[in-house]
Amino acid sequence: MANNIEKICVVGLGYIGLPTAALLANRGFQIHGVDVVQSTVDTINAGKIHIVEPELDVFVQSAVNSGRLKADTKPDYADIFIIAVPTPFHEGHVPNVDYVKSATEAISPFVKPGNIVILESTSPVGTTHMVADVLKENGVDTSKVHVAHCPERVLPGRIMLELVQNDRIVGGLTPEATEETAEFYESFVNGTVLRTDAKTAEMAKLTENSFRDVNIAFANELSILCDKFGINVWELIELANRHPRVNILQPGAGVGGHCIAVDPWFIVDAGGKEAKLIRTARERNDYKSEWVIKKIEEKMAELEKTKGSPVTVACMGLAFKPDIDDLRESPALYITQRLAAGHDTIVAIEPNIPLDTDIPQKLKIDNPSFHLMDIFDAIEEADLLVFLVAHKQFRHLDVSDLNFLDFCGVTNKKQR
Ligand SMILES: NC(=O)c1ccc[n+]([C@@H]2O[C@H](COP(=O)([O-])OP(=O)(O)OC[C@H]3O[C@@H](n4cnc5c(N)ncnc54)[C@H](O)[C@@H]3O)[C@@H](O)[C@H]2O)c1
């Protein structure tokens with residue numbers, strides 16, 4: 001094993017921690033996986049998985065069968081500790097590093113001189129230093145422990161592949177920490193392992209997601225301007241992108257997911273007035289969802305006048321991006337919920353979620369006033385279709401004779 005590393009303790013067994021633990025176990029390391037949720041621990045120890053990700057089941061089953069992956073609610077002694085716990089935000093977009101803090105406290109009694117502690121969670125600048133401080137407060141001699149940040153940048157749906165193929169950025173609190181940690185990643189990553197310091201590594205991950213957010217905000221602003229000017233934004237972007245040095249992203253109903261819609265706030269929170277463009281982009285992307293709601297309600301009012309009674313609206317798509325079932329921070333879900341709060345004629349079509357799904361349970365919300373409907377029933381029954389997510393099931397629908405609004409370009413037709 002790399003640098004005599006035999007045992008690794010992975011803390012947090014979610015979308016990042018579990019694939020990492022299973023991959024490393026299959027590469028011959030002894031893995032002690034830790035999660036605070038007992039049912040997650042039990043599922044993994046039974047060789048099964050609690051999240052949806054291609055190929056992960058095969059990796060976990062073989063890791064558990066080989067005896068090299070064991071899950072527990074408590075950490076254990078190891079050569080390396082990897083922290084992969086959530087980093088959401090509190091009210092008011094203030095970063096919440098409480099999970100990182102409690103994971104660090106939990107490993108402290110088991111961290112020995114010579115160990116490496118790696119923070120993989122997407123983190124505000126300075127969090128790796130905080131990890132070292134928490135270790136120190138809990139009696140660890142941090143002058144003899146290597147602490148580093150290595151942000152994860154995998155794409156859900158391709159995690160098992162990208163864990164190995166992607167380039168990685170490693171930033172330690174000391175040059176030795178950077179080197180030791182980088183050598184460990186080089187033992188299983190095929191991409192290039194790039195060395196820097198901890199703060200730059202933290203900022204690099206936040207920058208990647210902010211870059212996407214700012215560029216989507218540009219596309220979203222164009223879509224609002226094009227609506228005002230009577231121009232088809234999809235055609236406009238296609239034309240402008242024929243310039244050899246222009247590459248405009250696609251507009252949508254907002255920006256969602258647990259990364260792009262969240263991480264830029266970590267920069268804004270710390271950067272204050274100096275993070276003006278990044279804050280504005282975040283606000284523009286959130287505003288796009290409000291604008292979509294306004295457009296839908298205007299169209300509903302217009303159709304209601306002709307019909308003489310309330311119109312049924314089918315919200316096409318609930319997920320935060322095409323062809324997945326993930327509803328975290330989803331603008332489409334937000335728009336549907338907002339519409340359903342004011343109208344009892346809203347139905348939702350989400351081909352990636354089974355029709356008999358218990359929506360309140362899945363969404364952890366009380367009694368939403370919309371229900372799931374099949375695509376073709378919706379086309380038959382709804383007075384207005386509003387396309388919110390460009391799922392592949394919507395791509396070839398012939399809606400030319402129907403009332404529809406397309407906020408994600410899936411019908412790719414001119415509409416005013
Ligand atoms: N999912 C992605 O695609 C992705 C991509 C890049 C980076 N990230 C980042 O990776 C980090 C983890 O994200 P995720 O998607 O794996 O989250 P997740 O919610 O899927 O998993 C986190 C796990 O940590 C567990 N946990 C929470 N506190 C704990 C503690 N103190 N000790 C042990 N376990 C604890 C939770 O029970 C959960 O199972 C976040 O910072 C996220 O932003 C995620």
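Trainee: In which helix does F229 lie?

Mentor: This is a predicted model, in which local features need pLDDT of at least 70 and side-chain atom pairs count only at pLDDT 80 or more, whereas totals for chains, interfaces and linings use all residues. Residues are numbered from 1 along each chain as its sequence is written, and side-chain values use heavy atoms, with hydrogens and water left out. Helices (H or I, at least four residues) and strands (E, at least two) are DSSP runs numbered from the N terminus, and the run of residues 198–229 that holds F229 is helix α8.

Trainee: Is F229 buried or exposed?

Mentor: The classes rest on relative accessible area with a 1.4 Å probe and protein chains only: buried is under 20%, exposed is over 50%, and partly exposed lies in between. The areas themselves come from the Shrake-Rupley method with a 1.4 Å probe, and for residues only the protein chains shown count as cover. Because its relative accessible area is 55%, F229 is exposed.

Trainee: What is the area of the nonpolar surface patch made by L225, F229 and I231?

Mentor: Patches are made of residues with over 30% relative accessible area and no salt bridge, where like charges are joined within 9 Å and nonpolar side chains (Val, Leu, Ile, Met, Phe, Trp, Tyr) within 5 Å. L225, F229 and I231 together make a nonpolar surface patch, with an area of about 280 Å².

Trainee: The next residue is a lysine, K288, in helix α11. Which residue carries the nearest side chain of opposite charge to K288?

Mentor: Lys and Arg count as positive and Asp and Glu as negative, while His and the chain ends are not counted. A salt bridge would need a side-chain nitrogen of Lys or Arg within 4 Å of a carboxyl oxygen of Asp or Glu. K288, within residues 276–307 of helix α11, is buried yet has no salt bridge, and the nearest side chain of opposite charge, 9.0 Å away, is that of D227.

Trainee: With which residue does the side chain of K288 form a polar contact of 3.4 Å?

Mentor: A polar contact is a pair of N or O atoms within 3.5 Å; within protein, one must be able to donate a hydrogen and the other to accept it, and residues adjacent in sequence count only if both atoms are side-chain atoms. The polar contact of 3.4 Å joins the side chain of K288 to that of N220.

Trainee: Which parts of the chain does the salt bridge between E208 and R153 tie together, and how many residues apart are they in sequence?

Mentor: The side chains of E208 and R153 meet at 2.3 Å, N to O. E208 lies in helix α8 and R153 in the loop between β8 (146–149) and α6 (159–165), so the pair ties together parts whose separation in sequence is 55 residues.

Trainee: How far apart in sequence are the parts tied together by R338 and E290?

Mentor: The side chains of R338 and E290 meet in a salt bridge of 2.8 Å, N to O. R338 lies in helix α12 and E290 in helix α11, so the pair ties together parts whose separation in sequence is 48 residues.

Trainee: What is the relative accessibility of T336?

Mentor: T336 lies in helix α12 (residues 331–342). Not counting residues up to four places away in sequence, T336 touches C315, G317, L318, I346, A348, F370 and L388. T336 counts as buried because its relative accessibility is 0%.

Trainee: What is the phi of D323, a residue other than glycine?

Mentor: D323 is found in the loop between β11 (313–316) and α12, where D323 counts as partly exposed at 31% relative accessibility. Its phi has a positive value, near 65°.

Trainee: What is the phi of H93?

Mentor: The place of H93 is in the loop between β5 (89–90) and β6 (94–95), and H93 counts as partly exposed at 28% relative accessibility. Although H93 is not a glycine, its phi is positive, at about 60°.

Trainee: How many of the 10 residues of helix α1 are buried?

Mentor: Helix α1 spans residues 17–26 and is mostly covered. Its buried residues include G17, P19, T20 and L24, and the number buried is nine.

Notes. Contact = heavy atoms within 4.5 Å.
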